[in-house]
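Here is a two-chain model to explore. Have a look around first, then read on.

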Amino acid sequence: MEEKKKILIIIPAYNESDNIVHVVKDMIEQAPQYDYLVVNDGSTDRTLAICEQEGFQYLDLSINMGIGGAVQAGYIYAYKNKYDIAVQMDGDGQHDVTYLEKLLEPIMTDEADVVIGSRFLEREGFQTSASRRAGINILSGLIRLTTGKRIKDVTSGYRAVNRMFIEIYSKDYPMDYPEPEAIVSAIMHLGRVQEVPVQMRAREGGVSSITFKKSIYYMFKVTLAILLCRLSYGVRRGKRV
Amino acid sequence: MIPGHLRVTLILVVISYFIVILYFLKQKALNLKYTLLWLVAGAVMGILVVVPELLTRIIRLFGIQDNMNGLFLFCIGFIILILLSLTSIVSRLNRKVRTLTQELAILDKRVRDLEKK
């Protein structure tokens, strides 16, 4: 059973020319045992040129498709290239490579199918603004209400999934603001979803994809998406062993 | 009912409507598949112009008193239907474009990897 698992780190990047070199070099230095893949999501800045120059492993999406489409491209790549585990990690330097091991552990020991790196379990590191935390709590409550599962950091984009969910996500991954919806989808597929505590950093450069103006739209859209996702899978069928 | 003069005008309108659609189809500016709804709309308009009593009867059936109100209601309903079908077509196209872009990116990487060897 001690065969080596093929692990891919998916790093979606949209206009991350300020951060991407640092993020990927960190990755190569501190975790050389894993493969990584930058997914350039149709950036309009020098992200692609930098990836070429530095000789990074990358996918280049010719059209900007949003984080969902970019991450899904990574999952499709992982599925086609027969990876056992895929990790997604933001390209803006918020996610710390040193937590990779912790994120992977529940999957290695087959305790979980989907592992989410959570800022709020130990409340250490960058905790984001109060208003965002409030929004996250509402979504977290909604997910608990609709699926019965308590996940604290539902918007965290630092996640690891096993082969089963590489396949599921490669076929169907939510678009636009996918993180909370992907959790519901995982629970509805009877996946074992687990959170592990990680620390995140405040982003170092570039801008977050969610501005204040967009946050109302975000909450509205994600709430609907969660309800729709829950509805379209109907009543849960039995329990997975 | 509709006066004879108005009826002639309406028939001409319906005929030019069909001519425009056929012209677009011939130019391949419209896909026949997506034009079916418009053709059906034209056919319904044609029938109603020739047999206006039909419209009155249908409208009465729905309990609407005023003919014009009924006509507008049906028109708006039909336009909403067409818009909805357009949205669904766009959504499907969106999905296809996404898949193509992702596959293209993966192929692109494969080509680069092969060239390196």
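## Chain B at a glance

How many helices and how many strands does chain B have? Count them and you get 4 helices and 0 strands. Keep in mind that this is a predicted model. Starting from the N terminus, the order in chain B is simply α-α-α-α.

Now look at the outline of chain B. Its C-alpha trace spans about 80 × 35 × 15 Å along the principal axes. A compact globule of 117 residues would have a radius of gyration near 13 Å, yet the value for chain B is 23 Å. If you take the contacts in chain B between residues at least 6 apart in sequence, 45% of them join residues at least 24 apart.

Lys28(B) isn't a glycine, but its phi is positive, at about 60 degrees. Is Lys28(B) buried or exposed? Lys28(B) has 8 of them, so it is exposed.

## Chain A at a glance

Over in chain A, the secondary structure comes to 8 helices and 7 strands. The C-alpha trace of chain A spans about 50 × 50 × 35 Å along its principal axes.

Of the 241 residues in chain A, 46% count as buried. Among its contacts between residues at least 6 apart in sequence, 76% join residues at least 24 apart.

## The sheet in chain A

In what order do the 7 strands of the open sheet in chain A line up? They go β3-β2-β1-β4-β6-β5-β7, and the pairing is mixed. β3 (58–61) and β7 (193–197) of chain A stand at the edges with a single partner strand each, so one side of each has no neighbour in the sheet. From one strand to the next, the twist averages 20 degrees.

There's a helix to find here too. Helix α3 (residues 66–80) of chain A packs on the sheet and touches β1, β2, β3 and β4 (85–88) of chain A. The direction of α3 makes about 155 degrees with that of β1(A).

## Zooming in on strand β1

Strand β1 (residues 7–13) of chain A runs parallel to β2 (residues 35–41) of chain A, and 6 bridges join the two. Another 4 bridges join β1(A) to β4(A), also a parallel pair. Ile9(A) shows both links: its bridge partner in β2(A) is Tyr36(A), while in β4(A) it is Val87(A). Leu8(A) stands opposite Asp35(A) in β2(A). Together, β1(A), helix α1 (residues 20–30) of chain A and β2(A) make a right-handed β-α-β unit.

Why is β1(A) largely enclosed by the rest of the structure? Because 7 of its 7 residues are buried. Ile7(A), Ile9(A), Ile11(A) and Ala13(A) point one way from the strand, and Leu8(A), Ile10(A) and Pro12(A) point the other way.

Asn15(A) sits in the loop between β1 and α1 of chain A. Its phi is near 50 degrees, which is positive even though the residue isn't a glycine. The cut-off for buried is 20 or more other C-beta atoms within 10 Å. Asn15(A) has 21 such neighbours, so it counts as buried.

Tyr75(A) belongs to helix α3 of chain A. Tyr75(A) is buried too, because 26 other C-beta atoms lie within 10 Å. Which residues does Tyr75(A) contact, leaving aside neighbours within four places in sequence? They are Ala86(A), Ile166(A), Tyr169(A), Ser170(A) and Tyr173(A). Tyr169(A) is 94 residues away from Tyr75(A) in sequence, but the two are 6.5 Å apart in space, C-alpha to C-alpha.

## Where the chains meet

Finally, look between the chains. The contact takes 12 residues from chain A and 8 residues from chain B. The side of chain B that touches chain A has 3 nonpolar, 2 polar and 3 charged residues.

Definitions and conventions:
Residues numbered from 1 in each chain as written. Chains lettered and ligands numbered in written order. Predicted model: local features only at pLDDT ≥ 70, side-chain atom pairs only at ≥ 80, totals over all residues. Contact = placed C-beta atoms within 7 Å. Nonpolar A, V, L, I, M, F, W, Y, C, P; charged D, E, K, R; others polar. Rg over C-alpha atoms; globule rule 2.2 N^0.38 Å. Pairing = 2+ DSSP bridges. Axes fitted to C-alpha atoms, helices over the stretch in contact; angles between N-to-C directions. Buried ≥ 20, exposed ≤ 12 C-beta atoms within 10 Å, placed from the backbone. Right-handed = clockwise from strand over helix to strand, strands pointing away.
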